Each structure stands twice: as structure tokens, then as C-alpha cells.
Amino acid sequence: MSLDDVERKRRARLIVDDYQGIHPPWEILYISHIQSTCRASLVAFNRFEELAVCPPDHANNAAAFEALTLAAAHAAAVSRFFKPSRGGVEGLSRARASKLAQAFKVEPTSALNDRGLRDAIEHYDERLDEYVLNPRYGNTISIGIGVDAPQVSNAIFALRWVNIVEGKAQILGRDYDYANTKREMMRVLLLADEFMQSGCRLPN
């Protein structure tokens, strides 16, 4: 049976006021989803790194960048548990995010709160529209992987370049860090594993 708006708000207020956003029996649902999504992101990061260091004759830069894109998407999905785009019914999502951020020690400066890479990939079409208004002429590379991106003086420009040494992706001339995101995903995953092994509960 569906809830009417009045009852939905009443229940949301109760959970916010009495349980800081998550009713204890349902903590496992949040922990397990964070755990599985972190793991999926790290699998994609590892796949990217495997493809990124392939010998030139076996290189597949497009597949490598696709794996990095998937890793960033999963990381963004995790970040929304700690920083949702909306407050939710009666502030339920905001309260839940605050409780989870405290439990998982996700600070405002956490790499999970930086969605720049995900946004740059997701809105690549719009940013490409702007780039072609004032493009760099020369040999254009669609996707490149290596150390430093080619210098402008070399008449070569990479639309998307990944610096595998510094852990940065450059998209249309703008740099985005991904190495710190991977480290943060590992840290959060280890905590999720710990919580699941300790009664599937968040720490008090």
C-alpha cells in the first residue's frame, strides 16, 4: 500500500529526529551498497591501469579511457550517499548523508566530493561545443595515455589525455585528479568491510 504525502513526511521527520537519517535496521542497506559500488569502482580503476600500461602494439586507449569513465561513474554514485543533490523529504537525505559522512569519516575536502572528472566526461559534448569555438590547430589526438600531455608548441593537442604517473586526466585542456579518488574509494571500502563484519551496523 502506498503512503500518502502526510504519512510519508511524518515517517521522514521521525527518522530524521530520532535516528539522524537512517533507521538502525536499514543501516545494512546503505553499508552494503556503498561497499559493492566502491568495489565496482576499484575493479574498473584496476582494469584501466592494466590497459594503460599495455605495450604500444597492444594498446587500446579507447578501452582504457572507458574503464576510467566507469570508475569515475561508480565513485560519483558513492559520493551521492555523502553529498546528495537534494535534501529529501523533510531533510531525510541530508540527515542520512551527514550520518554516513561522520561514520565513514568523509570530510568536506574528500576527493569523493570533487565530481569534476565525472562531470567533464558526462558533459563532454557541451564542452566540446565550446572548444571548437577556439580550437588548437595541428595534429589532434582523440585519446592519449602516457606521462605529460603534448605541449602546445609541438602542434599536437590531445582532446583527452591521461597522465598515468601523476594520476590525472586532462580533458579539453583542463586537469582532473583521479588518483586521490581511487585512494578514497579504497579507504571507504575498507571501512564498509569493517562495518559489515561488526554486525552490519554503523559505529555509534
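Student: Hey, which residues does T181 touch, not counting residues up to four places away in sequence?

Tutor: Hi! This is a predicted model, so everything here is computed from it. In it, T181 touches F45, A75 and A111.

Student: And where is T181 placed?

Tutor: T181 belongs to helix α7, which covers residues 179-197.

Student: Is T181 buried or exposed?

Tutor: T181 has a relative accessible area of 12%, and buried means under 20%, so T181 counts as buried.

Student: Let's zoom out. How many helices and strands does the protein have?

Tutor: There are 7 helices and 4 strands. Along the sequence the order is α-α-α-α-α-α-β-β-β-β-α.

Student: What box do the C-alpha atoms fill?

Tutor: Taken along the principal axes, the box is roughly 65 × 40 × 30 Å. Of the 204 residues in the protein, 39% are buried.

Student: What share of the contacts with a separation of 6 or more comes from residues 24 or more positions apart?

Tutor: That share is 60%.

Student: Where does N60 lie?

Tutor: N60 is in the loop between α2 and α3, the latter being residues 61-82. N60 is partly exposed, with a relative accessible area of 37%.

Student: Switching to electrostatics: how many salt bridges does the structure hold?

Tutor: It holds 13 salt bridges. Side chains of opposite charge can pair when their charged atoms come close. One of the bridges joins K99 and E27, with the closest N and O atoms 3.6 Å apart. That pair links distant parts of the chain, as K99 is in helix α4 (residues 92-103) and E27 is in helix α2, 72 residues apart.

Student: Are K99 and E27 buried or exposed?

Tutor: Both K99 and E27 are buried.

Student: What about a bridge within one helix?

Tutor: E122 and R118 meet in a salt bridge at 3.6 Å, N to O. These two are about one helical turn apart because they sit 4 residues from each other in helix α5, residues 116-122. R118 is buried, with a relative accessible area of 16%.

Student: And which residue does E184 form a salt bridge with?

Tutor: E184 pairs with R187, and their closest N and O atoms are 2.9 Å apart. Both are in helix α7, 3 residues apart, so they are separated by about one helical turn. E184 is buried at 12% relative accessible area, while R187 is partly exposed at 27%. There is also a network in which salt bridges that share partners join D5, R8 and K9.

Student: How many positive and negative side chains does the protein have?

Tutor: It has 25 positive and 26 negative side chains, and the centres of the two sets lie 5 Å apart.

Student: Which residues gather in the patch of negative charge on the surface?

Tutor: That patch is made of D125, E126, D129 and E130. D129 is in helix α6, residues 124-131.

Student: Which residues form the nonpolar patch?

Tutor: V53, V147, I164 and V165 form it, with about 350 Å² of accessible area together. I164 is in the loop between β2 (156-163) and β3 (168-171), and it is partly exposed at 32% relative accessibility. For the protein, the accessible surface comes to about 11800 Å², with 52% belonging to carbon and sulfur atoms.

Student: Where is C200 found?

Tutor: C200 is in the segment after α7. At 23% relative accessibility, C200 counts as partly exposed.

Notes: Residues are numbered from 1 along each chain as its sequence is written. This is a predicted model: local features need pLDDT of at least 70, side-chain atom pairs count only at pLDDT 80 or more; totals for chains, interfaces and linings use all residues. Side-chain values use heavy atoms; hydrogens and water are left out. Patches are made of residues with over 30% relative accessible area and no salt bridge: like charges are joined within 9 Å, nonpolar side chains (Val, Leu, Ile, Met, Phe, Trp, Tyr) within 5 Å. Accessible areas come from the Shrake-Rupley method with a 1.4 Å probe; for residues, only the protein chains shown count as cover. A salt bridge is a side-chain nitrogen of Lys or Arg within 4 Å of a carboxyl oxygen of Asp or Glu. Lys and Arg count as positive and Asp and Glu as negative; His and the chain ends are not counted. The place of a charge is taken as NZ of Lys, CZ of Arg, CG of Asp or CD of Glu. Buried means under 20% relative accessible area, exposed over 50%, partly exposed in between (1.4 Å probe, protein chains only). Contact means heavy atoms within 4.5 Å.
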